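Hi,

Here's the structure I promised to pass along.

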Amino acid sequence: MDQQFDEKLTIFWDSDAIVLVDQTKLPVSYELVRITTLNQLINAIKTLKVRGAPALGAAGAYGVALAAQSNKNRSIVKLKAHLHLAAKSIIETRPTAINLFFGVDRVLKAIEPCITVEEAREVALNEALSIAEEDIVANKALGCIGASLLKDGDVVMTYCNAGRLATVGWGTALGIVRSAIQEGKRITVYACETRPLNQGSRITAFELLEDNIPTTLITDNMAASVMKQGKIDSVIVGADRITQTSVYNKVGTYMLAICAKTHDVPFYVAAPLATFDHESSVVEIEERDANELIFCRGKQIAPLSVQVENPAFDMTPKELVTAIITEEGIINNPHRATSINRS
Ligand code: MRU
């Protein structure tokens, strides 16, 4: 079998605008939105029109480039000051995914030596374009490396959406599935719906079915029993940030890792090196609006006065992770490993 997959981009630059897939409309409609102002971008990130750590990295980088193109300042000093403020407002949108900081920071660093406004605009855009391009290259490399861990006939469980739509293209966890299928392996996927915002059912199931990859949707609370029944060969998830000790990903990942350990199912994390944070020991976990739990698609499903906790992410200790798959190789037993196995 030589299956070809759609290479549609989740986010790209088009003449004077950022264009992105509005993920809040999925799976009902696939719509592109043109972002022409910084405020529109900030709103798109906060409302999860664009989401997923690597896609946020590109969004942040394009955001600084957009701020550079649209600022009419003729002084390079003032332009740089303006871009630092723009960068600050972008990174304040979502605190957990390190890729957002990485993308913004790379563009700011690239324009540092620029001495004219024109040069800074060009450099900012080129740097953002490179970040976007590098994301696809990294995901494809990571996909090929990760595919070696899957056998013909394997069933993979995944969580949230770590696919094409969480990245600029191809995907991380789902990129591994795509690469394995391209190698001729028959892989099927169990997608957990991922409450409360249902990235699993709305986005993962959508993109897998678009690629004709056999997919079974389950509620999050079915994961343990499905593993107990022996239906799952491995769990593969993405990451928003990987520190020395832990993997930060969509809330519920920790629970899945514990279930995998209990049922002797390998638990893999797929992430590009841009998701690694070698410095922080304390990571802010984004707390989202209580209404995401009290309402579902506009319908009230809980008492308005109920107290709500709604963190977007949780922290999985590396002890529960079998391996981390990167574009440069596999980190086996990451709680003990100090290097990447590049063989
Ligand atoms: O809140 P989201 O939808 O941005 O959360 C996304 C995730 O948790 C993904 O698993 C993670 O960003 C990795 S995407 C390759």
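Bear in mind that this is a predicted model. I started with A271, which sits in the loop that runs from β10 (267–270) to α10 (291–294). A271 has a relative accessibility of 0%, so it counts as buried. Leaving aside residues up to four places away in sequence, its contacts are L142, A239, I242, F276, I325, T326 and E327. There's also R241, 30 residues away along the chain, with its C-alpha 8.7 Å from that of A271.

Next, the charged pairs. The whole structure has 21 salt bridges, and here are a few of them.

D105 pairs with K109, with 2.6 Å between the closest N and O atoms. Both residues belong to helix α4 (residues 98–111) and are four residues apart, which is about one turn of the helix. D105 is partly exposed at 34% relative accessibility, while K109, at 57%, counts as exposed.

E134 and R106 form another salt bridge, their closest N and O atoms being 2.7 Å apart. This one ties together distant parts of the chain: E134 is in helix α5 (residues 117–147) and R106 is in helix α4, 28 residues apart. Both ends are partly exposed, E134 at 38% and R106 at 22%.

Salt bridges with shared partners also connect R94, E286, R288 and E292 into one network.

Lastly, E31 and K25 have side chains that meet in a salt bridge at 3.4 Å, N to O. E31 is partly exposed at 32%, and K25 is partly exposed at 35%.

Cheers

Methods
Residues are numbered from 1 along each chain as its sequence is written. This is a predicted model: local features need pLDDT of at least 70, side-chain atom pairs count only at pLDDT 80 or more; totals for chains, interfaces and linings use all residues. Side-chain values use heavy atoms; hydrogens and water are left out. Helices (H or I, at least four residues) and strands (E, at least two) are DSSP runs, numbered from the N terminus. Buried means under 20% relative accessible area, exposed over 50%, partly exposed in between (1.4 Å probe, protein chains only). Contact means heavy atoms within 4.5 Å. A salt bridge is a side-chain nitrogen of Lys or Arg within 4 Å of a carboxyl oxygen of Asp or Glu.
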